[in-house]
Each structure stands twice: as C-alpha cells, then as structure tokens.
Amino acid sequence: MEWKRKDLLGIRELSKEEILLVLEVAESFKEVSKRDIKKVPTLRGKTVITLFFEPSTRTRTSFEIAAKRLSADTINISASTSSVTKGETLKDTALNLESMRPDVIVIRHSYPGAPHLLARILKSSIVNAGDGAHEHPTQALLDLFTIREKKGRIENLKVTIVGDIAHSRVARSNIYCLRKFGNEVICCGPPSLIPPHLDSLGVRVEYKLENAVRDADVIMALRIQKERGGISSIPSVREYASLYGLRKEHVSMAKDDVIIMHPGPMNRGIEIMDEVADGPYSVILDQVENGVAVRMAILYLLLGKGE
Amino acid sequence: MRILIRRGRVIDPATNHDAEKDVLIEEGRIKRVAKDINVRRRDRTIVINAKGLVVSPGLIDIHCHLREPGFEFKETIETGTLSAVKGGFTSLVCMANTDPVNDNRSVTEFILRKAKEEGYSRVFPCGAVTKGTKGEELAEIGEMVAAGIVAISDDGRPVRNASVLRKALEYIKIFPIPLISHCEDPDLSVGCVNEGFFSLITGLEGNPDIAEELMVIRDIRIARYVDSRIHITHLSTRGSVEAIREEKKRFNKVTCDTCPHYFTLTEESIISFDPNFKVNPPLRSKSDVEAIKEGLKEGVIDIISTDHAPHEMASKDLEFNIASSGISGLETALALSLSLYHEGVLDLKELIRKLTINPARLINQPYGMLCEGAIADVIVFDPYMEWVVDREKFASKGKNTPFHGWKLKGKNLLTILDGKIVYHDPHLPIDS
C-alpha cells in the first residue's frame, strides 16, 4: 500500500486500505512520544503551517507537537493575528503563505469546503483540521486508532454517537470511518439535532438515549455546537442535559467493556457527567495522546515518505 | 436596409407557423414571410442563406440582472445587452436590485436612457415592489409605470409580509403589469444549498424545498384572493410545479418560469464546493429536475428565463457559503434550452414559445413574433452546431458559469433588432 494523496480533506473519499495504512504508521510513531528524547529527524527541513480560523487548543497543539517530533519547522497562524481581520480573502492569504514555500498547511475553518479551496489552488499539501460541519478527518482516524487499541478490533462493533449530530463534523467523519469497516453505528440526539437523510449514511437513528446505548461497545458523546446554531434547535441546555446527558446508568446499560469517548472540548454536566468523563470506562485522554501519533503519521505520509 | 433571410426554418409560435420560408425585413418590420421571395435591387439587400438553420423571433428574457446603476464592476447595461444579443436575446427585463434600487421614477429613467444610448438590445426595467426592496412600504409603482417599467418584483428576496404583498397585488390591478415573485421563505432558507443528502455530506447549510413551495402557495393564493396578475419566477422544485399545476386549473392569472440551470444541473454538483454552482434558489435533486421538465412539457411552466446574474470573480473566488449566488447565463441559455429539444422534452416551436411570445405577453409588449407586419426582432440559430463554452469569450463581464468547458449543442448565429443586424457569428456568411 502506497499513499498517493496530496491532501487529506475528508474520510469519505478514503479507502479502507488508506485508513489502515495511517493506523499502521501511527502505531510506529506512538513509541516516539514515549522516549526520553521525543524527536526523530524524519521531516527535518520541512515546514508545516497551522492556519486556524476557529479557536482550538487540542487539535492545534496536537498538530504542532506532531510536526515538531518529526523535526519539521512549524508556524502557527490564528485568525486573530492574521490579515483576515484586515479584509483579505482566504485565497489571497493562502497564496501569500504558499509564496513562503511551506510543505503542509493544516487548516481549520468554520466554513465547509475551505480546505478544498486551498487544495485547488496550492501546491502544498492541505490537511483539513475541521471545516464547519463537513469533516474532521484526523479526529476520526485517532478515534479509530484508540478503538483498535482498546478493543483490539475495528470491526463488528456497535458504536453509539450521542449529541448534536446535525452540526458535527466529528460525527460525519466518524460515521464514514466506522461504516467503511462495517460497524453498526447508532446516532442519538433530539430530532432537531439529527440532520435529514442521516439514515442514508447507513446509520440507525435513535431518539431515546436508553435505547441507543444498550449493548454498545463504544459510546461517543458530542457537545452542542453553539457556534453553528445548535442551541436554537433545543429549548434549553438544562432540558438537553436531562434527556441526553450521559450518566453512569447509561454506561451500565452498555457492554461490560464499553469505552466512553469524547472529541473535546467537554461540557461537563451537559452532554457528559463527571462520573462518566472521569470514570473507569473513559478513554478521553487516550484519544488526545493518540492524536499526536496519528497526526505524525498523516504528516509523514503526505510528505511523500509513505512508499 | 433590407435583409432577406433565405430558406430557413421559420418558426413563429405566436401564429403557430413552422415551415421553410424566406423572410424579408424592411424598415424595421417583417415585410414578408413566403417561399422564394424575389427582390428587385438586389444590391441594396443583405442576403443570408439560412438553409438548415432556424429563423425565430428574438428571444425575450424576463429575468436578468444588468447591475447598473451601482454594480458596474459586475456588469453594465452595455456589456449585459451585448451578452444578450450574442446569446440570441433581443429584449431583457432587468431586475430592480441595483444600487440605488429601481424603486422610483428617476432610476427607471436612468436605466432606459443608458439602454437607449449604450444598449444593444431592448431593455425593460422591472421596478421594485417595495421601497429599497425592504418589503415594508410600497414603491411608487404608478410613477415607475409611467416611466416605463413592465413589471414589479423585489427579486433576490420574497415580499416577506403577506399583507404588503396583498396590497401590491391589489394596487397593480390599475396597470397592465404583473408582479414577479421570488419565492423563498426567508426563515426556512438560511442555507446555501438544497437540503438533502448533499447538504448532509458537505456540511453546507440546506434550504429545504418547502421553503420555496410554501411561498409559492402563499403568493398564488393571495393573488387569487385579490384576483391579480402574479408570475412566479425561477421555479426549482417538484412541489412548486405541482402547486402551480393545481392553481392553474382554477385561476388564470398565474404564470411561472424556470431557468436553464434548474433543468440542467442537480445538487450533486456542489460536492466540489465550487461556488460557480451556487445559485438562489439552490440546485435541487434529480427528482426536482424531472418535475421541472414535466412542467415545461405540460405547459405548467410558461417561460424560460435566464436569471443572468453576473459577478466579478472576486465574489465567487471565496468559500462556498460566503460566495455570491448566480450564473452569468445569457450566452448559454439558448443552447441549454435546446437540450430540451434534443432530449425530446419539447419540440422546437414549444421551446421557442417559452422564450418569445410567452414572455412578451407577460410584460405586454408587442415583440416575440415573426409574422408579416411584426417588429423585426429576429434571430437565426443553428440548433445542432456544437461549441465549447469558454467563459473568457463571454461578452458579459460576468465570467461566473458552471458550464465553462462544456460542449453544448445549438448556437445563435445572427441577431437582428428593429431590422438591423446587431450581432453576427463568423460561422454565418453574410452576402451584402
């Protein structure tokens, strides 16, 4: 298997083999982070720009650490410090950055398709670090990596995703990823946060949380996307928490070895209670740890080292 | 100047005429339509051999945006009308969403004066329904009618307040003009693509088809209630076609149009995130496209308009959801419409009817006919000629088209306005 893509824009277009290749490479990079000296010279002389038009702590830090552990030079640009506030278009910002010859641009943007615009016009490799409600491919890959690590397999699983599915790019990328391996995926949330035609993605929709979590191998909680209008679709956060907040009793209805995941940032007491977030089944911090290895793998593969 | 068009297939839907004839044009009028016209003084006559070509009345577009005044960087009356005659259109109705808005007599007069000085085609301004197209107070419709508007519309947005729409429909009964309605519930349509599978997988916010249909139903019911003339523009959904099909059975003052992109493209195109596929209302599903074609075939849809919406590249070279909506459509409309003929949806006469006499009747203008005595707005086109769309060759300033690089079948070759040649394609030899 050889990686041939210039960009990583979404999971939907990836093959199973490509996904497995990322996991395989990530596996070998995970060990680097456990060393005393956490650095390999693999990408020395390469430049990675992270271009974030939406706030992010986890994803941006994760990409930056991933690039640094591979010895690439990293530059971080966020919307508040960029010329976007001076009225520059995304295209012009991108062309200006390209003139400085970066090798990879990691972009997060609140508009779906923003990474595709860059990919169309730039020679640099583009990594989508989340574009509106479209996709967040590295999150789905690190989730799959974590599932494999914890469950020993990525097939024949029952995965329940609970929350604001309508506005979630994480849900979409995870649905594509999990369905490619034939897993049963159940999406749960109030009907006003379930997008029309969701069943066409091969998932089952359950409105009652109790029914959705029964016998689940994996439960993923998602936050309400306030910035994308999630709040206006429900009467109140309080009411949401009482209907869809993940509690111990829900965990007990799942399989005995269920794992609880959350892409972060968590809103404790809303979509997930402390007892679950900090409980024995939670793998939320493992997800964050694995994010570095998966992003190292992506950078490595995109920079043509994947043959 | 005399023009003799020889042996073309002369199609005049207004008189149900379709036969190979010669057409003699003199002093701005159709002098004769007959077989083998002999002219004396051949030297002073331009003779065009139209064997194998179609001779039709000049096309009439009841929905375009000429952008002047205010957005001359997108289009001007000069470039827009040049684009029109190149595409086979001799008359245009230009929408009121200019800057300033055409909601008063002086803007109407400005447009007409510019059209007279710089225009290549006829231009008929459409006035706003409400001041500033804000949907609150009625514009001075009577003043604008006196100045020359042929319709009113707040196009770009619906008249949100049903009571304001009712008053406008009542008020225009004293004038021979229709109200043209852009139907879209503003609360249900905050997105930029059709709501469905493709909005789901792109994450782009969707506008459901019912956002259009609810407004179509509201508007035609108000029109029936006050017995006034309404025209629903740029139909895009199956439900809208069904609503109008039903309404036409009991109320005869409702008409409607659709645009070439609504019977050519589907929502699937947006998967590329290319803003050239962004239009308002959005591209719909395959089922909607089928329904639009059925509506055209059955005569539920009376007119094909272009919704020519030229934009500068800078406003399209953006992220999809903030890019401008619209297609620069005057130069591709005829060929795209001819696909309805090539696919067997409409015969040539019925197709031309929707581009000539039906729009002329909507705006009560004496054009769109090709019979003896008619005003000589005439085109000659080849329904079979294949050509490749090159946006760089557009006469329009708007290069925003999703059809760039497409091979289309059917091309306008000659445009005559008021008995004078205003455009001719080098493929058509002219002997004078």
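Predicted model: local features only at pLDDT ≥ 70, side-chain atom pairs only at ≥ 80, totals over all residues.
## Where the chains meet

Chain A puts 20 residues in contact with 15 residues of chain B. Three helices of chain A each supply at least two residues of the side that touches chain B: α3 (90–99), α4 (114–121) and α6 (169–180). The most comes from α4(A), which gives three residues. By residue class, this side of chain A has nine nonpolar, seven polar and four charged residues.

## Helix α2 of chain A

Helix α2 of chain A runs over residues 58–69. Its length can be checked. Twelve residues at 1.5 Å a residue should span 16 Å, and the end C-alpha atoms are 16 Å apart, so the two values agree.

Which residues of α2(A) are buried? They are A:Thr59, A:Arg60, A:Ser62, A:Phe63, A:Ala66, A:Ala67 and A:Arg69. Just after the helix, A:Ser71 takes a positive phi of about 70°.

## Helices α5 and α6 of chain A

Two packed helices are described by the angle between their axes and the distance between the axes. Helix α5 of chain A covers residues 137–151. It packs with α6(A) at an angle of about 50°, and the axes are 8 Å apart. The two helices are therefore oblique to each other. Their crossing is right-handed.

On the α5(A) side, the contact is made by A:Pro137, A:Gln139, A:Ala140, A:Asp143 and A:Leu144. On the α6(A) side, A:Val170, A:Ser173, A:Asn174 and A:Cys177 take part. The residues of this contact divide into five nonpolar, three polar and one charged. Helix α6(A) also supplies at least two residues of the side of chain A that touches chain B.

## Helices α1 and α5 of chain A

Helix α5(A) packs with α1(A) as well. Helix α1 of chain A spans residues 16–30. Here the angle is about 65°, with the axes 10 Å apart. The pair is therefore roughly perpendicular. This crossing is right-handed.

From α1(A), A:Ile19, A:Val22, A:Leu23 and A:Ala26 meet A:Leu141, A:Leu144, A:Phe145 and A:Arg148 of α5(A). The contact has seven nonpolar residues, no polar ones and one charged. A:Leu144 takes part in the contact with α1(A) and also in the contact with α6(A).

## Leu53 of chain B

B:Leu53 is in the loop between β4 (45–49) and β5 (54–57) of chain B. Is this residue buried or exposed? B:Leu53 is buried, because 23 other C-beta atoms lie within 10 Å.

Not counting residues up to four places away in sequence, B:Leu53 touches B:Gly8, B:Val380, B:Phe381, B:Asp382 and B:Leu413. B:Glu170 is 117 residues from B:Leu53 along the chain, and their C-alpha atoms are separated by 45 Å.

## Lys134 of chain B

B:Lys134 is in the loop between β8 (122–127) and α3 (141–147) of chain B. With 17 other C-beta atoms within 10 Å, B:Lys134 is partly exposed.

How far apart in space are B:Lys134 and B:Glu386? Their C-alpha atoms are 44 Å apart. In sequence, the two residues are 252 residues apart.

How values were computed:
Residues numbered from 1 in each chain as written. Chains lettered and ligands numbered in written order. Contact = placed C-beta atoms within 7 Å. Helix = DSSP H or I, 4+ residues; strand = E, 2+ residues; numbered from the N terminus. Nonpolar A, V, L, I, M, F, W, Y, C, P; charged D, E, K, R; others polar. Expected span 1.5 Å × (residues − 1). Buried ≥ 20, exposed ≤ 12 C-beta atoms within 10 Å, placed from the backbone. Axes fitted to C-alpha atoms, helices over the stretch in contact; angles between N-to-C directions. Parallel < 35°, antiparallel > 145°, perpendicular 65-115°, else oblique. Left-handed = near helix turned anticlockwise from the far one by under 90°.
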